[in-house]
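Subject: Structure handover

Hello,

The structure is below. My notes on it follow.

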Amino acid sequence: MSDSILEMKNISKTFPGVKALDEVQLEVKKGEVHALIGENGAGKSTLIKILAGLHKPDPGAEFYFEGQKAEINKPIDATLKGVSIIYQDLSLFPNLTVAENIYIGHDSGKMPWKKVNWKKIKETAKKALQELNIEIDLNTRVEQLSIAQQQMIEIARALAFDSKLIVMDEPTSSLSSGEVEKLYKIVDKLSAKGISIIFVSHKLRELFRVSDRFTVLRDGKYVGSYDIEDIDESMLIKLMVGREVTYEKNEAEVEPGDVIFEVKDFSKQGNFKDISLQVREGEILGITGLVGSGRTELAQSIFGINKRDEGSLALYGKPININSSEEAVKKGVAYVPEARQTQGLVLGQSVINNMSLPIIDKLRNKFKLIDRNIEVEMANQYVKSLDVRPALPELPASKLSGGNQQKVVIGKWLSAQPKILIIDEPTNGIDIGAKTEIHKLLRRLANEGIGVIMISSELPEVLAVSDRIVVMRNGRISGEMNVGEATQEKIMNYALEGQQKRKPDVEVSEEDKLGQEV
């Protein structure tokens, strides 16, 4: 009898103008945690969607479950085989209760007038949560739960369907380190029960923590499958990108120019207090700290989204006033948010339409109509200079990989010719190859005279990209240093303890203090 739960053979998928997968294969054994890894655009998401029955593969594809040949033509086929997919963007119903979300789908196909069996719904949900040793009120609406709790509900729902194979797509992207450890234990427990896991992540350290085997994809092709004892991080990176990739501390001494942007005495009750910082010409200012330290709230306040209570701004020494995002754009300040898919892009619109959004009024001709030729020319310029792949400006943003979506968001704001670019978690959910491209792009923008403020919770990234680093803790600046004197330990000390022994202005729970990721 086969020890494999899943075999996918000769999997190809062609979209108009793009071959996303080319004769890819994947074998997952019973009870193993199998890492599916590759750069953004390597074909991982397409392969998962084919497994889920959302995409139909090109002719010639073969599927085997527990050694038996099978067909997957629609999502219900995958569900009946015992396959559950937990996507990065969770697919829960926020207005329904925990019990309803776990049970939903069990009665599909039954008569619509069948009476709801609330006892059965709660018993099913309770049993699934107990298997995970999780205590959550079954009557709580999902919208009231944390992201980590919602993820546990997704896993519980998979157990309620007696899933034999669970796919976890970037499951730790929005979790603190304490929550990540809890997820690791859940994964270990599921594997011990004989449930197979396909684990998709760009974080190599966590892949080596949870995985038994790795399958590597590159440019839509199958590179190979490897047992964990036969591979290390450097080899894995080379297999993913086809070249050596380094991620080292920035040792270059940048001679800072004049101050081009200044934030002075910024305060917002419950968010941050007495924040003052400067950005100089030619440098990248990195801001880091624990989740909840006030970093993102500060960025949104500078951009006019999260209105400050006190404080002032100056650009090239002249005071400016920003009370809305519209004013920020007019004054030359751009903001790339962390949540690029929900806040940075209109996913259903083309790359062209996304890039022209900030300057749509400037593209109008004398008849107040958008000059399409200029719009297309502008988009083509940034697609080329930012190396957006595939180089198809008419393609919807939703069809791009995470790294290329991030390039489109940056291009969107570059079209407005900003003087200051604030970028929040620039490489969240992006593979290491694309990370280095984004890092080089930020350096290029700084060299061209744009003031860059980069917010990041990845210490290697902060050290690799920044020229000067500001650390925030409990809504205040707890440390500031040049990159030459910075170390991970020093930054961690400022983030966790700080120099100032005062009562926090923004309360952070003990769990966050101990468990958040810097």
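Which residue takes a positive phi in the hairpin of β11 and β12? Gly270 does, with a phi near 85°, and three residues lie between the two strands.

First, the ground rules. This is a predicted model, in which local features need pLDDT of at least 70 and side-chain atom pairs count only at pLDDT 80 or more, while totals for chains, interfaces and linings use all residues. Residues are numbered from 1 along each chain as its sequence is written, and side-chain values use heavy atoms, with hydrogens and water left out.

**Hairpins**

Helices (H or I, at least four residues) and strands (E, at least two) are DSSP runs, numbered from the N terminus. Two strands pair if DSSP finds at least two bridges between them.

Strand β11 covers residues 259-268. Strand β12 covers residues 272-280. The two run antiparallel and are joined by six bridges. Val259 stands opposite Arg280 in β12.

β11 also pairs with β14 (residues 310-315), in the antiparallel sense, over five bridges. Here Val263 faces Leu313 of β14. β14 in turn has three bridges to β15 (residues 318-320), again antiparallel. Ala314 has Pro319 in β15 as its bridge partner. β14 and β15 form a hairpin with two residues between them. In that turn, Tyr316 has a positive phi of about 50°.

**The six-stranded sheet**

Six strands make up an open sheet with mixed pairing. Their order is β16-β17-β18-β13-β19-β20. At the edges are β16 (333-336) and β20 (476-482), each pairing on one side only. From one strand to the next, the twist averages 20°. For angles, axes are lines fitted to C-alpha atoms, for helices over the stretch in contact; the angles run from 0 to 180 degrees between N-to-C directions.

β16 and β17 (residues 420-424) run parallel, with four bridges between them. Val336 stands opposite Ile423 in β17. Helix α14 (residues 402-414) packs on the sheet and touches β16 and β17. Contact means heavy atoms within 4.5 Å. The direction of α14 makes about 165° with that of β16.

Helix α17 (residues 488-496) lies across β13 (284-289), β19 (468-473) and β20. Relative to β19, α17 runs at about 30°.

**Salt bridges**

The whole structure has 24 salt bridges. The criterion is a side-chain nitrogen of Lys or Arg within 4 Å of a carboxyl oxygen of Asp or Glu. For accessibility, buried means under 20% relative accessible area, exposed over 50%, and partly exposed in between (1.4 Å probe, protein chains only).

- Arg364 and Asp361 meet at 3.3 Å, N to O. Arg364 is partly exposed at 37%, and Asp361 is exposed at 58%.
- Arg372 and Glu394 have their closest N and O atoms 3.4 Å apart. Arg372 lies in helix α13 (residues 372-385) and Glu394 in the loop between α13 and α14, so the pair ties together parts 22 residues apart in sequence. Arg372 is partly exposed at 36%, and Glu394 is exposed at 53%.
- Arg443 and Asp467 meet at 3.0 Å, N to O. Arg443 lies in helix α15 (residues 432-447) and Asp467 in the loop between α16 (459-465) and β19, so this pair ties together parts 24 residues apart in sequence. Asp467 is buried, at 8%.

There is also a network. Salt bridges with shared partners join Asp387, Arg389, Lys407 and Glu437.

**A buried strand residue**

Ile198 lies in β8 (residues 196-200). Ile198 is buried, at 2% relative accessibility. Ile198 and Val28 are 170 residues apart in sequence, yet 7.7 Å apart in space, C-alpha to C-alpha. Leaving out residues up to four places away in sequence, the contacts of Ile198 include Leu6, Leu26, Val28, His34, Leu165 and Met168.

Regards
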